[in-house]
Amino acid sequence: MKKFVLAAVAAVVMSTAAYADTIKVGVVGPFSGPFALQGKNFKAGIDAYMALHGDKVGENTVEVIYRDLPAADPAQSKALAQELVVKEKVQYLAGFYFTPDAMAVTPILKQANTPLVIMNAATSAIVTKSPLVVRTSFTTWQTSTPIAKVAHDAGVSKVISVVSDYGPGVDAENAFKAAFEKEGGQVVEAIRMPLSTNDFSPIMQRIKDSGAQGVFAFLPSGPTTLGFVKAYNENGLKAAGIKFFAPGDLTQESDLPALGEAALGIQTTFHYAVSHDSPENKAFVEAASKAIGNKAELSFPAVGAYDGMNVIYKMIEATGGKQDAAKAVEAVKGLSWISPRGPVSIDPESRHITQNIYLREVTKADDGTYYNKEVQTFEKQGDPGLAAAK
Ligand code: PHB
């Protein structure tokens, strides 16, 4: 009897302790539907972080709660975030693949006393919508600016720009144009496609007809980018010598097996390549491959999520596990660390990540697989888009 009572008391103590010390992180992303692989990469990055660093920060246990948002849907995004805050009592919101979904959540952060750690959404202006936003991914301004110099150095002076018609696409168009004109180049035509576009043949015809020597393109990574690069080949643009310039969203590693020769030689600029040669990336790729179950499915949202967890762990440490969003965000301003992508820091003014941007070329490895090979580094790039975002 005594033994039984003791066991019961111990169980009660343990469960209250576990409740009091559990810090919940609510992660919203596309875990089903056409973009499910991108969400799967969020989870792989988070799992890898927790496998390598444990699920404890001091006395506190970190618990991640996932909510599925298959496509860009701001109303649903806000509803999921509210549910996570009110019902699940999460202390942190994180994830968010598409810009409109991240934007929709910024108005609730202050009242919810919750930081938002963006693991992907890449429109510059998001960080200006609330002082409680921190971003560990990239912006399309950041990734599209250096490719303009690459285009110019390749002897190209006339480019046609083709982007998805929403935040990160418009930012990419503006970033490329500003940087390319600075180099003396000219954007002869700028096409904005609806996000839902999946037949790219008419666009390819317009690119051919434009007389441009090269095309600059941005679409959000997923079936969209795979279809676009395929169409570039199948419609004979590559064969016609029209050069392809883009940020790395267009050649994400998980698309390369399906693209094969179609992607070979394509140069892109981006913050992360799975092939990045460093001890930090080796450990990350090993843990994230194990989490995702197939290394060939690994892509950039995993590193945004991994570093996002690093920021959240620092926030939990700084607040001792107490819910204080302003203090949490303050604690990571200026934070610097070695990410699997290379050295990074959180810019104290913008709360966006400063990082290297790499020029990469799709290359065939000895074993016949394709990868993004880093060939040049643009060091310590901040976000050039913030001036434009104000
Ligand atoms: C975005 O919606 O901000 C976004 C999504 C996918 C990308 C880049 C940006 O590859």
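How many nonpolar, polar and charged residues does the lining of the largest cavity have? By class, the count is 10 nonpolar, three polar and one charged. Here Ala, Val, Leu, Ile, Met, Phe, Trp, Tyr, Cys and Pro count as nonpolar, Asp, Glu, Lys and Arg as charged, and the others, Gly among them, as polar.

This is a predicted model, where local features need pLDDT of at least 70, side-chain atom pairs count only at pLDDT 80 or more, and totals for chains, interfaces and linings use all residues. Residues are numbered from 1 along each chain as its sequence is written, and side-chain values use heavy atoms, with hydrogens and water left out.

**View 1. The largest cavity.** The largest cavity holds about 90 Å³ of space. Its lining has 14 residues. Closest to its centre are Tyr 97, Asn 120, Tyr 166, Phe 218 and Pro 220. A cavity is a set of points, on a 1 Å grid over the protein atoms alone, where a 1.4 Å probe fits but cannot get out; lining residues have an atom within 4 Å of a point. Grid points are joined across faces, edges and corners, and a volume is the space filled by probe spheres set on the points. The count comes to three cavities of 30 Å³ or more.

View 2. The ligand sits in the largest cavity (more than half of its atoms lie within 2 Å of the grid points). Around the ligand are 14 residues, each with a heavy atom within 4 Å of it. Thr 99, Ala 122, Tyr 166, Ser 221 and Asp 249 are the closest. The shell has 10 nonpolar, three polar and one charged residues.

View 3. A polar contact is a pair of N or O atoms within 3.5 Å. For the side chain of Asp 249, the distance from a ligand oxygen to an N or O atom is 2.6 Å. At Ala 122, a polar backbone atom is 2.8 Å from a ligand oxygen. Taken alone, the ligand exposes 280 Å², and the protein buries 100% of that (Shrake-Rupley method, 1.4 Å probe).

**View 4. The largest pocket.** A pocket is an open set with protein on both sides within 12 Å along at least five of seven lines. The largest pocket has a volume of about 330 Å³. Of its 13 lining residues, Glu 253, Lys 295, Thr 369, Tyr 370 and Tyr 371 are closest to its centre. Eight lining residues are nonpolar, three polar and two charged.

Conventions. A polar contact is a pair of N or O atoms within 3.5 Å; within protein, one must be able to donate a hydrogen and the other to accept it, and residues adjacent in sequence count only if both atoms are side-chain atoms.
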